[in-house]
Amino acid sequence: MSSPSKQSSTATMTLPSKIVDWIGKKEELEFVLMRVPGDMDLSQLDGVAIEPEEDAQPIPLPETVYQEDAQKHQMVAVGSSTNNSAGILGQVFPLLPDESKGSTQPKVLSCRRLNRFSRTISIHKASKTERSKKRVSTSKATRKSIAKESALQILKEAINTRWNTIEKENQEGIKSYVVSLNIELAQRDADQNTRHFLMKLNETLVCLVKQEWRLNAWESFIPDLCTSAKSSQNLCENNLKILQMLSEEVFDFGPETMTSSRVLKMKQTMSSQFACIFDLCMFLLKSYVADKSSVREGLIKTTLNTLSHFLKWIPLGYVFETDILPTLLGHFWDPLCFRIECARCLNEVGCLKIGDDPDSGKYEPTLLQCFAAVVNKLHSIPVEVFQSFEGLRGQNRIFWEVFMNQLSLLLTNFIRYNMKAVVGVSPALATLAKISALPNDEIFKICVEFWQMFAAQLYLDREKARKEQSQKQNMGGGQQQQPPLMLSLSGSTDMSVDVKATGGGHEEEIIAKYQPILDNVRRVMIMRMAKPPEVTIKENEDGEIVREGEVDTDELAMYRMMRECLIYLTHLDPSNMVNIMMDILSENSESPSDWNCGLLSRLCWSVGSISGAMPENDEKRFIVNVIRDLLTLCEVKRGVENKAMVASCLMYVVGQYPRFLKAHWRFLKSVVNKLFEFMHEPFPGVKDMATDTFLRICQKCSKKMVVLQPGETSPFVNQVIETIPRETADLDVLQLCNFYEAMGKMISAIPEIPKQTNLVNQTMADVRSKWQAVIKRASFGDERILAEDQQAIRTISAILRCYERMAVGVGIASGEAIKDIYSDVLLVYKLYSQCVGASRGSSALFSWENVKLMRKVKRDVLRLVRSFVDSAVAEQDRMKAAHMQLADDVCVLICSHFIPPMLQPVLVDYNLAPPEGRDPEVLNLLTTMCSRLSSSVVGMLPMMFDQVFESTLGMIKDDFTSFPDHRLAFFELLSAVNEKCFESLFLLPSQDLRLFVESMVFGIRHEHPTIADIALKLLSKFLTQVAANPNLAQSFFSEYYENLLKQVLLVMTDRHHKSGLRQQVQILAMLVSVAANSQSANMPNKEHTMEFLVGVLASSFNTTTRVELEAFVLSLFAKCNGPPQEFSRCVQDFLVGLREFSGTSPEELDTYEQDKRKALNELLQGRTVQNEAAKAEFLQMDKMVPGLVPQYHPLRADQ
């Protein structure tokens, strides 16, 4: 980067002196341009450096003529008494139009006009006396540093957004000034603050380059930068950092900040000019090799870091046809000061996909030789580093942690991207096994990810080889090609050796060569096994009993990855895996007084994770030994807490092996009886664990419990029913819910519905007697006792929850039991509705606690009906799919006996209640009814719209945050109505249909991702169904098309809705294709729609020209019937372009015209739709690998 010429220096003077002083070092801040929060107390800001605020609001102007422009820019000029509005600031930060010249070109306000603002900030030069009286928390130097960085940030934003509106002369002035200041600061030996400011200045310079390259200007930037770098080592180091930033901006962040065509042009420019960058890097590296004192160590580190960023994308010839790799390995690996940076460069080389290059054949030997040389270098790592890693301290610990991280990435990426490099992999794998044992989570995660891939590839290669060998024996044929990992491991790893695969022996012999390494990996995985996901029964904020899994954290992701790895390692050698686990268990059991409970837990998690990965007989022997040792350990341990710990491990292991339990009835019965004993254990957590394990066993082994087993007088389910009062005596409400759901799952294994119904009635006999006892208290005419007695309310709630969990477990068969108490349940609901309504206001008849409990019971009633409808209809669908006959249609039964008596009271109560008294569970019930009963509830839609839709929308329409539960339930209800009752929507009155459409539009405007995602999917499905019906489409689009198109555009161009961009683009493409493919006079017209789109965009955004908008709209219509990714790219380019103001120079206008002509040509060519159907095969592959699908995954529901 050369110094500016004299002519350029003259151009620098066009910068206002105030901005120069601010960025430079002459004076303090005299001019600020910032956003001002509306509630800021301006009187307190005198003399204080201010940074822009996030909640900025435009300053209200007294002159209405200026209001519109001020709202567009949302800025206020802040000035001192100096009236200087000329120069660049007048173009970079426009506020008001210059009416005196009759143009709309904005300019900065003079200080005389600034006085007209209702709020003005003045930052004066305070005297030394005043500064001593008003001391601020920061020093003068710190304030100056903040001011300089703020000014630089303003300049950077101006370059990014308004560069095209600045005159050419002033553009050159800014370029010259930034370059001059950059050279001046880079050549100094700067302190920390200056280095930080220089980094920001480098970012500003990169922004300048991105703007200039857009129009093929400043193409000499990279050559000039490389040439000037040789004049000074300080300047050279800074120039390398600039090149690194430029590479990141183009290749890493380019698609997010620039249009696709602009990114492509910049990539081409950098690739064409990379020769000078490469020459500079090699010049520095070779200079250091020739004379280590001639180049600073810090400069070499910067060179290697910069080179690592360029190695991601440079032409492969620079990597494999030059001496860069021998230079790195020969001179920069051994010195510890460069080893991390060298490993980072080699890692990027290992990630290169040479198979995509036509010359990959000649590059492959060099790449494999590079890996062989890296493997040779591993011997130089001191053994003490692995043995005493935890003892390392200070900088030594930091260095080895960073290096091991880079080394693990280097080795794993070489093998992952170049499978043929595993020919000499034994030392590399051995080193990775040692690295995996290091106590560093990030390093361990890298290694686990690799071992999972490596073990999976080994297993799949072995299975493929076996299959091909079998086919060869049966059918004959030539020699089969070896899979990638089935290679010979013999041979030297010297650079001069041909390391290509030479064939290999039998696959079992090949895996045997990996065995010592894989044994170490198995042991490390077991001893560091992550915690499996826990599913717990809990009561949420609304009082609902729910089964919740843990949040999808990094630990759960690690568990899933380690579980798959252990399964593949078990398939490779089951006996070895069993021996290692039993050895660890024996070591932990030999000394009961000195045991590691954490290690025991991790071992049991590992044992549970490989369930199903071994043959059944081997699994039987293994699990029997594990259970025997755990029972022995439980007996010898002393202390309730220790026994509970071992018992929890035992129950977890047992619950993970349902195949073993189903094959051994007596053991299964013993386990369940032991669980019943644990249900009386007072130690915290034991009863929860026992009921949860009981539920898991009933999900998998229920068929064994409902048939008569040898040696038994009756099925086990009958034995359990007889002991229910005794076994549940010590359980709380949540544990009872778990228990009755488990009983429902057990009973559901009986194929005959009448038998199920009989057993359900017997199971619920104890609960029904408690219900009758409570209701009997109100049967003498005094119903208020049910509302006044808190214990009675709690009992009613617990009983309803037990019925609800039974309905979840057994489905249809619970209908008779629920019907027996249903009339009383509805009376309780009506009673509590009246009592809650009477308690509103000042004259409350009941305490707040009573009201809260009654509302909880109302929710329990609604959940009972919802769960029964959901589970009963779902079970009927499963029975129909299995071609099983039902005596009565469940939907008819529900719609005749359950829904009519409760629907009107519930909906009327919801409508009449105040907003805070409405329960979202009503909406959830309606959602389930629409989803499950579909056509049976069509006649109820008018009542639902009348009583629920308008009242709920009135609660949530004023903002996007209040009543979050109602909001979510409301849009889920809309989705259910659209999916199951779509055609019925058009039979509703026109105002109800309009309400439905407006609700969808309101939903997509939400900033909350969950609500917006539901609404976007809803709108997409709705429009798809409308477009599929020509009669509906004509009437619907004639009324709603333009408004929908406008609303989707407004949401899509709002950055707060960025998370839903993909679905927004799909909806926009759907709407555009309606007009593009229109062949009817009643459908939206293509030409009119184009004009409408251009008009909407032109009125909403003042950063673009009409030619740009026309080109964009033409591109939309040209690409709406083509590949979705092209349409999406077109929209993304437009959204990126909105961030900066378009230029009006002849060159830029010509560019816009070319884009418009290109889009018009594409439109005229009539490109056809290319639908791409992509189907995931992951679950199918899971089924191919035994044990890979978790035991309680839905795919195993029929096992």
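Reply: **The aromatic side chains in context**

Lys175 lies over the face of Trp218, 4.6 Å from the ring centre; a charge sits over a ring if NZ of Lys or CZ of Arg is within 6 Å of the ring centre and within 35 degrees of the ring normal. The model is predicted, with local features requiring pLDDT of at least 70 and side-chain atom pairs counted only at pLDDT 80 or more, whereas totals for chains, interfaces and linings use all residues. Residues are numbered from 1 along each chain as its sequence is written, and side-chain values use heavy atoms, with hydrogens and water left out.

Trp218 itself is found in the loop between helix H9 (192-213) and helix H10 (221-229); helices (H or I, at least four residues) and strands (E, at least two) are DSSP runs numbered from the N terminus. Its phi is positive, about 55°, although Trp218 is not a glycine. With a relative accessible area of 18%, Trp218 is buried, which means under 20%, with exposed over 50% and partly exposed in between (1.4 Å probe, protein chains only).

Phe963 lies in the loop between helix H44 (941-956) and helix H45 (964-980). Its relative accessible area is 26%, so Phe963 is partly exposed.

A charge over a ring is also found at Phe386, with Lys434 over its face at 5.6 Å from the ring centre. Gln387 is placed in helix H20 (residues 383-387) and is exposed, at 64% relative accessibility. The C-alpha atoms of Gln387 and Leu438 are 9.1 Å apart in space, while the two residues are 51 apart in sequence.

The structure holds 45 aromatic pairs. Phe274 and Tyr318 form one that is edge-to-face, 5.0 Å centre to centre with 80° between the planes. Phe274 belongs to helix H14 (residues 274-290) and Tyr318 to helix H16 (residues 316-320), so this pair ties together parts that are 44 residues apart in sequence. Within it, Phe274 is buried at 1% relative accessibility, and Tyr318 is partly exposed at 22%. Phe945 and Phe949, in turn, form a stacked pair, 3.9 Å centre to centre with 15° between the planes. These two residues are four apart in helix H44, so about one helical turn separates them. Phe945 is buried at 0% relative accessibility, and Phe949 is buried at 1%. Here, rings of Phe, Tyr and Trp (its six-membered ring) pair if their centres lie within 6.5 Å; planes under 30 degrees apart are stacked, over 60 edge-to-face and the rest tilted.

Aromatic rings also gather into a group: Phe982, Phe986, Phe996, Phe1022, Phe1036, Phe1037, Tyr1040 and Tyr1041 form one aromatic cluster.

Neighbours within four places in sequence aside, Trp451 is in contact (heavy atoms within 4.5 Å) with Leu429, Leu432, Ala433, Ser436, Ile517, Val521, Met525 and Cys565.
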